[in-house]
Amino acid sequence: MKRDGAVALLRKELGRKENARFGRLYGKRRPVKAATISLVLLACLAAAVILVWSLLHARALELANARIAASNTSLTLATQANSSFNVADTVLVSLVDKIEAEGWSELNVDRLRTLMAKQMAHLPALQGLFVYDDTGRWIANSSGRKFDGRNNSDRAYFQYHKHSRDRGVHIGSPIIGRTSGAWVLPVSRRIEHPNGSFAGVALATIRIDFYRKIYERLDLGPDGEVLMTLNDGTLLLRSPFDARELGRNIASSPVFLQQARQGFATRTSVAEHDGEAHIVSHARIGAYPVGITLLQDQDAVLAGWRHSAMFAGTALLLLIAGLLLLGRRVVRQVNLREQLEGELLSTKAHLETANTALSTMAYIDGLTELFNRRYYELALAREAGRASRNGASLAVLMLDVDFFKKYNDRYGHQAGDSTLKAVAQSIQRGLRRSGDLAARYGGEEFVVILPDTDLAGAREVAETIRVALQSRAIPHADSPLGVVTVSIGMCAAVPASAEGGADLVAQADAALYRAKEAGRNCSAS
Ligand SMILES: Nc1nc2c(ncn2[C@@H]2O[C@H](COP(=O)(O)OP(=O)(O)OP(=O)(O)O)[C@@H](O)[C@H]2O)c(=O)[nH]1
């Protein structure tokens, strides 16, 4: 089996120790950078998702609240409108009953005027009460004044009752009252003779201002509107107020068409109005064909929410920016640490190489590349201790080049060095086991330690080395044999302790002396 030289053996041993230390230090590097980046991105994403969800939730809540408020308001206004029409109609019903019961001929017009004036005192929504005969002539009114010569047959409500047998209440388009000069809503009923023919009209007028003052106090946002409409699309009132709008028919507008489709039911929804999304709330209470519609610009309703969303969005962006900066800082520090670690490792590798070289130099003989005396002493103590513990035989060979002084003198010191190298090679090649160890003892002297070897084994190794060197036939003119040879002294025993190695060496040295005495180029024990 081929054995490694002393230098290779020593390097292998030092390398094994360093690799083990390196593995312990850097074997388990954690992916800190990837974990930091993932954590920062996850935190940003979580913050964004939570904020978006909260904002959408808050928006839905804001719209729901606005719809509830719009619904409540439209219901309240519709209730108020219904009760005012109801009041006017109740008065008209009683007037018509009275006139038809008493007949035109017996009718006491003065008493009728007094009755109408009394009723007016308790009805703040009404502008006036009027009775006309079948030609439109003013018979009685609630103002207490007489208007002989006036005629209202030109009014639309008069023409309606004259030509329609409808006995129900009629609500007409807004008009300017002839006695008050103010905008009023005409509410009227037909009066008939006992034979069913047209006898005249009873009229109650409701002041537009009665509603307008209330509607204008509502806070419906910048583009909010209140519409009071008849079911045929006639606009009775619009707030904000515009006199030009009164009486206009809006039956073809999308908002009105939607209400018509829904059967003028009380309902709140979102619809397009003037190209913008609006919260539209429609309410109709009672039997009168009058509805209230509330329109609120959805953007205006969401103004407060938008403001909060902008604030929260800015805060989120700042938070994300902060997290990203923090993450970048951590990643930079990790990079820096890795760079420093890399430099540290490279420095360490250089140091290890230098250490190995130093250790090699400390234990290896520079000329022969065998172990030096220092290492031999450590190895001897170690092997003697082991042999003593195991009760095993340990052999030691002492080798000395014959007539080497003469060799140096004849061939020169440099040639002597080369020959010492050749002798070292022969010794190294003569060793068979991995535990066998050769060292330069000093000058031209060498020592070999053979663990688990008895005297017979030691002799075998000694002779192998001696014969091998002689066979190399290195010329030595001043030696009786003519070639370079060695004398070998040997000893084998079970050492008593780790210190027992020194006894073996002394005995081997004594044996070497005997080999020299015996004529050199031989081994002795
Ligand atoms: N070239 C060379 N010579 C060395 C070295 N170390 C010791 N020597 C020489 O080896 C010689 C040893 O001579 P001696 O101790 O008298 O022994 P010897 O001449 O070999 O005679 P014997 O041992 O009795 O056969 C000395 O001349 C030393 O100078 C070395 O490293 N290189």
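Guide: Two strands pair if DSSP finds at least two bridges between them. Strands are DSSP runs of E with at least two residues, and helices are runs of H or I with at least four; both are numbered from the N terminus. This is a predicted model, where local features need pLDDT of at least 70, side-chain atom pairs count only at pLDDT 80 or more, and totals for chains, interfaces and linings use all residues. Residue numbers start from 1 along each chain as its sequence is written.

Take strand β7, residues 225–230. Start with its surroundings. Of its 6 residues, 5 are buried, so β7 is largely enclosed by the rest of the structure. Buried means 20 or more other C-beta atoms within 10 Å of the residue's own; exposed means 12 or fewer, and partly exposed lies in between, with C-beta atoms placed from the backbone.

Now the partners. Strand β11 covers residues 290–297. It is joined to β7 by 6 bridges, and the two run antiparallel. Here Glu-225 stands opposite Leu-295 of β11.

Strand β8 covers residues 235–239. β7 and β8 also run antiparallel, joined by 4 bridges. Thr-229 has Leu-235 in β8 as its bridge partner.

Finally, the turn. β7 and β8 form a hairpin, with 4 residues between the strands. Gly-233 sits in that turn and has a positive phi of about 95°.

In short, β7 pairs with β11 through 6 bridges and with β8 through 4.
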